[in-house]
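I am opening my notebook on a new structure.

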Amino acid sequence: TRTPIDMLQDSSPSAQRNLMAEDSSDDVERTSLTAGKIPDVASAGPFKRPGVLISAVGTHVAAVALLAMMWHTLKKALSPEAPLLTWRTFPLHPFLMTLAFGFLTRMCGALHRMCGALPRLVSITRVIFATSLLRGCAAAAAAGSCAAEDAAAAVAQPDPLLSPCVQLPSSGPPVGTSAHPLLIGASPGTTGTMSLYFALKALGVTTVHYSRAFNATSGEETTSYREGGGPVELLRPLFKSSHPAPPVDREAAHRTDLTYLSATDALIDTPTVDLFFELLAAFPNARVLLTARDPAKWAASRRKRHPFDQAPLFPLLGFDAPVGALTEEQAAAAFALWHRVVLGSLPRERVLLLDLFGESSEQLWRRLSAFVGRPLPAAGEDGALPPFPHMQYGDDVELDAGPS
């Protein structure tokens with residue numbers, strides 16, 4: 001007769017696995033078997049699996065308790081003092097005990113299987129908990145990292161215009177600052193600045209244009225023409241005393257609290273180009289209006305009509321550069337570069353670039369009124385907006401060159 005051990009040794013690996021799987025209650029650890037080898041039963045005993053050990057001990061304790069109960073009942077039933085009912089029901093006691101023991105055995109078997117699976121359940125629970133914890137930590141770390149990066153960026157990247165590395169050596173800190181949202185016309189003359197002045201006047205904006213000033217509250221307009229020209233009274237503290245076309249006095253402007261210009265809502269033409277960065281420092285909420293023009297055409301007209309006026313950009317470098325002393329190419333380059341400087345100094349939403357020489361009247365009106373926050377001018381009987389102002393300012397622009 002062949003023993004199970006002989007059968008296990010002679011069988012194939014698959015037969016070995018099937019034979020070992022027949023006894024599901026065996027405490028042998030189900031490791032992979034190889035041909036000709038018997039699993040190490042001692043190394044796979046119950047002491048390697050605490051759940052199995054606990055269920056086995058519980059089963060033995062319950063069996064001992066049942067035997068004690070049966071012995072106690074038997075002694076009581078055989079006692080001479082036992083009542084008649086006990087004697088009559090005595091044959092039932094072994095039967096009831098057998099049922100109880102069988103039921104308890106089933107429960108212990110279920111407990112045995114549960115305890116055997118408990119380590120795996122604990123491991124799965126640990127994995128789920130650890131995974132959730134890691135995900136939560138990763139999300140918190142990512143959120144904290146983003147918040148830290150944002151905070152670091154906010155600290156490491158202040159307003160570029162406030163950085164000392166881009167401050168002009170000739171410009172110190174402003175004497176005073178104002179929250180007034182001043183409109184600064186940052187383009188030089190001969191770009192349609194006088195046309196822009198009359199457009200702002202039509203929209204009800206208090207505006208100053210070098211030799212003209214309009215008060216939207218009183219409806220009064222003043223000019224310096226009766227006095228021989230030059231800047232209007234509001235602007236005179238920023239100019240030298242020479243006449244009739246005094247240059248901008250930059251030193252006086254640096255000593256002046258420019259917030260006094262809050263008396264107007266818009267300042268265009270001279271001296272905005274010369275004092276552009278000083279005005280931005282004094283009015284941090286300022287917005288800018290640019291009137292575009294072809295640089296070559298601007299240079300040709302400016303050199304012909306106003307040869308002694310300063311070219312843009314050069315005064316910031318400390319050069320006295322009348323536009324007539326430059327070639328047309330140099331003047332055109334200075335004009336184009338100045339507009340690039342302005343566009344790069346402010347967020348785009350705070351700058352409006354108007355092409356008075358190329359855009360239609362309706363486009364100009366709608367864009368300008370939206371930017372300054374004023375209603376459109378009244379339309380005519382045909383429902384069309386009035387023509388956008390195209391004013392000739394003296395001999396500033398040739399008659400066939402368009403607006404000035």
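**Entry 1: a term I need.** I call a residue buried when its relative accessible area is under 20%, exposed when that area is over 50%, and partly exposed in between. I also note that this is a predicted model.

**Entry 2: the partner of Arg250.** Which residue forms a salt bridge with Arg250? I found Glu278, with the closest N and O atoms 3.2 Å apart. Glu278 sits in helix H8 and Arg250 in helix H7 (residues 250-255), so the pair ties together parts 28 residues apart in sequence. Glu278 has a relative accessible area of 9%, so Glu278 is buried.

Entry 3: I looked up the total and got seven salt bridges in the structure. Then I followed Lys201. The side chains of Lys201 and Glu221 meet in a salt bridge, 2.7 Å from N to O. Lys201 belongs to helix H6 (residues 193-202) and Glu221 to strand E4 (residues 220-223), so I noted a link between distant parts of the chain, 20 residues apart.

Arg212 has 18%, which is under 20%, so Arg212 counts as buried.

**Entry 4: the largest nonpolar core.** I moved on to the nonpolar residues. The largest nonpolar core has 30 residues, and Phe276 and Val288 touch the most other members. Helix H8 (276-282), strand E6 (287-291) and helix H10 (328-343) each supply at least two residues of this core. Which of them gives the most? H8 does, with four residues.

I then listed the contacts of Phe276, leaving aside neighbours within four places in sequence. They are Ile184, Ala186, Val288, Trp338, Val342 and Ser345.

**Entry 5: the largest pocket.** Next I looked for empty space. Rolling a probe the size of a water molecule over the atoms shows where such space is left. The largest pocket holds about 900 Å³ of space. It is lined by 37 residues, and the closest to its centre are Tyr210, Pro246, Thr270, Asp309 and Gln310. I sorted the lining by class and got 16 nonpolar, 14 polar and seven charged residues.

**Entry 6: a cavity.** How many cavities of 30 Å³ or more does the structure hold? I found one. The largest cavity has a volume of about 30 Å³. Its lining includes Gly185, Ala186, Ser187, Thr193 and Leu196. Ile268, Asp269, Leu289 and Thr291 line the cavity as well. H6 and E6 each supply at least two residues of this lining. By class, the lining has four nonpolar, four polar and one charged residues.

Entry 7: Most residues other than glycine have a negative phi, and most peptide bonds are trans. I looked for exceptions.

- Thr190 has a positive phi, near 70°. Thr190 is found in the loop between E1 and H6. With a relative accessible area of 0%, Thr190 is buried.
- Tyr210 has a positive phi as well, near 45°. Tyr210 is found in the loop between strand E2 (207-209) and strand E3 (212-215). Tyr210 is buried, at 14%. I had already listed Tyr210 among the residues closest to the centre of the largest pocket.
- The peptide bond from Thr270 to Pro271 is cis, with omega near 15°. Pro271 lies in the loop between strand E5 (266-268) and H8. Thr270 is another residue from my pocket list.

**Entry 8: a histidine in a loop.** Last, I looked up His180. Where does His180 lie? I placed His180 in the loop between helix H5 (92-156) and strand E1 (183-185). Its relative accessible area is 18%, so His180 is buried. Leaving aside neighbours within four places in sequence, His180 is in contact with Ser262, Thr264, Asp265 and Phe283.

Terms used. Residues numbered from 1 in each chain as written. Predicted model: local features only at pLDDT ≥ 70, side-chain atom pairs only at ≥ 80, totals over all residues. Heavy atoms only, no water. 1 Å grid on protein atoms, 1.4 Å probe; cavity = no way out; pocket = protein on both sides within 12 Å on 5 of 7 lines; lining within 4 Å. Points joined across faces, edges and corners; volume = space filled by probe spheres on them. Nonpolar A, V, L, I, M, F, W, Y, C, P; charged D, E, K, R; others polar. Core = buried A, V, L, I, M, F, W, Y, C linked by side-chain atoms within 4.5 Å. Buried < 20%, exposed > 50% of the residue type's maximum accessible area, 1.4 Å probe, protein only. Contact = heavy atoms within 4.5 Å. Salt bridge = Lys/Arg side-chain N within 4 Å of Asp/Glu carboxyl O.
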